Amino acid sequence: MSFEGIDGERMRRLADARHLVDALERALLGGLRPADEQGRVSRPTRHGELLLMPSEVGGHVGVKVLGLAPGNPARGLPTISGLYLLMDARTLRLVAVLDGGELTLLRTPAVSALAARHMAARPIRTAVVFGSGPQALAHIETFHALHGLRDVVVAGRDPERTERLVRRCADEGLRARAGSARDVPEADVVLCCTSAREPLFEAELLAPRTVVVAVGSHHPEARELGDDVMAGAQVVVESRTVATTEAGDVVQALGHGAIEETGLVELADLVRGEPLADDARPRVFKSVGMAWEDLVVAVAVHERERASR
């Protein structure tokens with residue numbers, strides 16, 4: 001069997017943030033219905049979690065196989081690793097194998113940037129970023145490319161990793177410094193990219209119409225945003241069904257009566273023109289990551305690989 005192998009380094013060279021965001025937007029405008037897709041298949045292992053994420057979009061079928069090992073950073077290894085298998089939808093023959101960890105790093109901030117494109121009430125120039133790992137950097141780079149980000153405050157738990165990310169941001173031409181939740185009032189966007197299981201900041205810190213993106217958890221028992229933030233915001237999710245079963249920020253707020261499921265706005269509806277309320281509430285996008293997003297991004301990268309030959 002003949003197929004292309006695309007490693008992480010090659011994927012980074014091929015991927016363009018705007019191209020990926022536009023591909024995701026076209027998929028939703030073309031009628032893709034995230035609500036029809038099943039959730040991820042998750043199996044705990046002794047040292048982490050195994051994830052399977054299958055999807056079919058247009059002429060392709062794909063599945064991401066990932067391992068999540070929380071102890072890996074202490075070993076000098078990435079938390080997430082795996083493969084993406086991209087197949088022709090008609091023949092189900094394998095056409096490409098991509099680095100699954102890198103695909104996640106490309107997909108997640110692209111979805112966040114797409115949501116922000118339709119949620120932001122003002123230009124996004126200043127970000128407070130919770131977290132100092134790969135997703136934090138990927139979100140900063142993507143929002144810099146897509147939204148003209150200029151100032152970044154990194155609120156990380158590990159001072160050394162935080163300072164390293166600050167220096168990396170400075171190398172990208174951004175004004176960057178270490179900070180904390182106290183900097184949230186000055187942010188146009190708050191990016192939550194952590195493994196936190198408790199809320200990162202209080203709602204009273206959010207300025208009117210601030211965009212908050214939370215991507216750190218896909219488990220019902222973990223959350224980055226508290227009931228107060230969720231209750232006071234317009235909340236956008238990828239799919240109500242998935243958010244109300246996997247997103248701890250949503251699941252717990254629903255359970256405590258802070259929000260109602262009917263108040264959740266789905267990303268597809270937002271992209272297709274459903275407006276957010278024109279009021280001063282903050283705007284929250286809670287993402288858990290869905291298989292259709294991986295497939296759309298994998299196809300976009302594969303098409304660029306073919307075009308480059």
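Where is the place of Ser-217? Ser-217 sits in the loop between strand E11 and helix H6 (227-231). Helices (H or I, at least four residues) and strands (E, at least two) are DSSP runs, numbered from the N terminus. This is a predicted model, in which local features need pLDDT of at least 70, side-chain atom pairs count only at pLDDT 80 or more, and totals for chains, interfaces and linings use all residues. Residues are numbered from 1 along each chain as its sequence is written, and side-chain values use heavy atoms, with hydrogens and water left out.

Ser-217 is buried, at a relative accessible area of 5%. Buried means under 20% relative accessible area, exposed means over 50%, and partly exposed lies in between (1.4 Å probe, protein chains only). Leaving aside neighbours within four places in sequence, Ser-217 is in contact with Ala-222, Glu-224, Lys-286, Ser-287 and Val-288. Contact means heavy atoms within 4.5 Å.

Thr-194 lies in the loop between E10 and E11. Thr-194 also counts as buried, at 16% relative accessibility. Beyond four places in sequence, Thr-194 is in contact with Phe-130, Gly-131, Leu-200, Gly-216 and Glu-224.

The polar contacts of these two side chains are tabulated next. A polar contact is a pair of N or O atoms within 3.5 Å; within protein, one must be able to donate a hydrogen and the other to accept it, and residues adjacent in sequence count only if both atoms are side-chain atoms.

| Side chain | Partner | Distance |
|---|---|---|
| Thr-194 | Glu-224, side chain | 2.8 Å |

**Aromatic pair and cores**

The whole structure holds 1 aromatic pair. Phe-130 and Phe-201 are stacked, 5.5 Å centre to centre with 20° between the planes. Phe-130 belongs to strand E7 (residues 126-130), while Phe-201 lies in the loop between strand E10 (189-192) and strand E11 (211-214), 71 residues apart. Rings of Phe, Tyr and Trp (its six-membered ring) pair if their centres lie within 6.5 Å; planes under 30 degrees apart count as stacked, over 60 as edge-to-face and the rest as tilted. Phe-130 is buried at 5%, and Phe-201 is buried at 6%.

Phe-201 is among the residues with the most contacts inside the largest nonpolar core, which has 89 residues. A nonpolar core is a set of buried Ala, Val, Leu, Ile, Met, Phe, Trp, Tyr and Cys residues joined through side-chain atoms within 4.5 Å. Helix H3 (residues 100-119) gives this core its largest share, 9 residues. A second, separate core of 5 residues includes Val-61, Met-87, Leu-94 and Val-97.

**Strands E3 to E5**

Val-61 has Met-87 in E5 as its bridge partner. E4 pairs with strand E5 (residues 80-88) in the antiparallel sense over 9 bridges. Strand E3 (residues 48-57) also pairs with E4 in the antiparallel sense over 9 bridges. Two strands pair if DSSP finds at least two bridges between them. E3 and E4 form a hairpin with 2 residues between them, and Gly-58 in the turn has a positive phi of about 60°. Strand E4 (residues 60-68) is largely enclosed by the rest of the structure, because 7 of its 9 residues are buried.

**Helix H4**

H4 is mostly covered, with 10 of its 14 residues buried. Among them are His-139, Phe-143 and His-147. Just after H4, Gly-148 takes a positive phi of about 70°.
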